[in-house]
Amino acid sequence: MSAANASIRDALYEAPGKRAKQRIAIATAVSVAALAALLALIIRQFYISGQLNAKYWTLFTRYTTWRFIGQGLLMTVKVALTAAVITFGLGFVLMRGRLNPHRFVSGASAALIEFSRGVPTLLFIYFFFLAAPQFGLKLSSFWRITLPCAISACGVVAEVFRSGVNAVPKGQREAALSLGMSERRTFYRIIFPQAFRYVIPSMIAELVIVLKDTTFAYVVNCADLMQNAKVLISNYDALVSIYLVVAVIYILINYALNKASDLLARRPNRRNIAA
């Protein structure tokens with residue numbers, strides 16, 4: 001394998017041998033057979049319970065149904081992307097504070113990180129939905145779900161950023177300082193760009209978590225994908241079929257994000273190894 005075609009995964013893990021490939025093939029075949037059997041059992045149970053009747057599925061042949069689902073999906077994407085931008089911004093600030101040489105700043109940042117990581121997202125949502133209005137902070141349903149999702153994830157993002165910075169060889173910083181670069185310029189021009197490439201997969205994984213957290217939007221009556229699905233269920237009395245379609249949509253989105261993570265992670269890795 002040429003250096004240009006190598007990846008970090010290729011560099012870290014040895015290619016499986018003949019026997020290992022056989023075991024992998026057998027395990028894959030058994031897993032596929034088990035999943036097929038489970039799927040057949042689920043479909044059979046749906047048939048017995050009448051969930052495969054046409055009345056539960058004909059609603060998906062209507063344009064209005066898909067338009068309503070699309071409106072909810074658009075709101076979910078808007079909430080997730082806005083929360084992600086806020087999350088990465090807050091995470092970066094907390095990471096910088098955590099690495100600050102002053103103990104007070106570092107300690108305060110560490111406390112905020114642990115607070116963010118330790119409190120469940122639902123409690124943040126309840127705070128902005130129930131407690132915040134009592135202090136005069138009245139937000140729209142969009143921000144009542146976006147801010148809690150962002151705050152809940154920013155502590156994890158801060159630690160991910162910090163791990164990436166710590167993974168950059170210290171010689172990079174020392175070489176930059178020896179050339180007369182300031183600490184600030186060294187961090188933003190040398191250290192952080194490399195650190196960010198290291199943590200791209202973890203950032204995408206956190207974006208997936210933020211996307212999943214948006215399903216709590218029903219608490220604040222935000223018309224996201226799950227909330228619109230509940231409306232369709234109440235109108236058509238088709239719980240299984242609607243939730244199944246919504247689950248497939250979430251799976252496709254998360255799959256696309258994971259594939260994007262692989263592509264983004266491989267591009268810089270090839271350049272690093274080739275160098």
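This is a predicted model: local features need pLDDT of at least 70, side-chain atom pairs count only at pLDDT 80 or more; totals for chains, interfaces and linings use all residues.
I'm calling a residue buried when its relative accessible area is under 20%. By that cut-off, 35% of the chain's 275 residues count as buried.

**Overall fold**

I went through the secondary structure next and found 11 helices and 0 strands. Reading from the N terminus, the order is simply α-α-α-α-α-α-α-α-α-α-α. I then checked how spread out the chain is: the radius of gyration is 24 Å, while the globule rule gives 19 Å for 275 residues, so the chain is more spread out than a compact globule. The C-alpha trace spans about 75 × 65 × 30 Å along its principal axes.

I also looked at contacts with a separation of 6 or more, and 75% of them come from residues 24 or more positions apart.

**Surface**

The chain exposes about 16800 Å², and I get 64% of that from carbon and sulfur atoms. I noted a nonpolar surface patch of about 530 Å², built from Leu 39, Ile 43, Tyr 47, Ile 48 and Leu 52. Ile 43 sits in helix H2, which covers residues 18-49. Its relative accessible area is 42%, so I have Ile 43 down as partly exposed.

**Ile 200**

Is Ile 200 buried or exposed? Its relative accessibility is 10%, so I count Ile 200 as buried, given the cut-off of under 20%. Ile 200 belongs to helix H9, residues 200-213.

Notes:
Residues are numbered from 1 along each chain as its sequence is written. Side-chain values use heavy atoms; hydrogens and water are left out. Patches are made of residues with over 30% relative accessible area and no salt bridge: like charges are joined within 9 Å, nonpolar side chains (Val, Leu, Ile, Met, Phe, Trp, Tyr) within 5 Å. Accessible areas come from the Shrake-Rupley method with a 1.4 Å probe; for residues, only the protein chains shown count as cover. A salt bridge is a side-chain nitrogen of Lys or Arg within 4 Å of a carboxyl oxygen of Asp or Glu. Helices (H or I, at least four residues) and strands (E, at least two) are DSSP runs, numbered from the N terminus. Buried means under 20% relative accessible area, exposed over 50%, partly exposed in between (1.4 Å probe, protein chains only). The radius of gyration is taken over C-alpha atoms; the globule rule is 2.2 Å times the number of residues to the power 0.38. Contact means heavy atoms within 4.5 Å.
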